[in-house]
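I opened this structure to look up its sheets and its core. My notes follow.

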Amino acid sequence: MRIRSIWPALALCVAAVFVTQAAFGTEPTLIDQVRQRFSLSKISILSGDVVNYINHDDVQHNIHIFGSDGSDIDRGLQNPGQTIVQKFDKIGEYTVRCSIHQKMKMKVEVRA
Ligand SMILES: [Cu+2]
């Protein structure tokens with residue numbers, strides 16, 4: 001009797017995981033900052049998707065995003081070990097740069 005009563009609780013847990021995944025959508029895209037480079041030079045994501053920029057270097061970086069629509073988002077200084085979580089809502093082409101290291105550059109295509 002006792003063992004049987006655990007199944008409804010387990011089913012609820014599994015259901016909760018699925019509901020949580022549906023609420024938060026897809027997993028974030030991970031971009032590593034290593035040896036003063038972005039791990040990918042170009043990505044294509046859907047509007048509303050999230051990109052996590054993870055600083056694996058022992059120096060500060062910066063995430064500065066320039067949109068083809070003229071938008072300009074500067075996320076400020078990023079310390080070693082710090083992750084910057086950036087959501088891309090608007091469809092378009094973006095260039096992501098580090099204002100400290102000029103060679104750090106990547107493209108983000110955001111589509112519907
Ligand atoms: Cu940098």
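Which residue is the bridge partner of Val34 in S2? I found Arg37 there.

I noted that this is a predicted model, where local features need pLDDT of at least 70, side-chain atom pairs count only at pLDDT 80 or more, and totals for chains, interfaces and linings use all residues. Residues are numbered from 1 along each chain as its sequence is written.

I looked up the strands (DSSP runs of E, at least two residues, numbered from the N terminus). Strand S1 covers residues 29–34 and runs antiparallel to S2, with two bridges joining them. Strands pair if DSSP finds at least two bridges between them.

I then checked the sheet around them. Four strands form an open sheet in the order S2-S1-S4-S7, and the pairing is mixed. Its edge strands are S2 (37–38) and S7 (83–88), each pairing on one side only.

I found an open sheet of five strands too, ordered S3-S9-S8-S5-S6, with mixed pairing. S3 (42–46) and S6 (72–78) are its edge strands. S5 (residues 61–67) is antiparallel to S8, and four bridges join them. Gly67 has Tyr94 of S8 as its bridge partner.

Beyond its neighbours within four places in sequence, its contacts (C-beta atoms, placed from the backbone, within 7 Å) include Phe88, Val108 and Val110.

Buried means 20 or more other C-beta atoms within 10 Å of the residue's own. The core has eleven residues, among them Ile31, Phe38 and Tyr94. S4 (49–55), S8 (92–97) and S9 (105–111) each supply at least two. S9 gives the largest share, three residues.

Note on methods
A nonpolar core is a set of buried Ala, Val, Leu, Ile, Met, Phe, Trp, Tyr and Cys residues joined through C-beta atoms within 7 Å. A residue is buried if 20 or more other C-beta atoms lie within 10 Å of its own, exposed if 12 or fewer, and partly exposed in between; C-beta atoms are placed from the backbone. Two residues are in contact if their C-beta atoms, placed from the backbone, lie within 7 Å.
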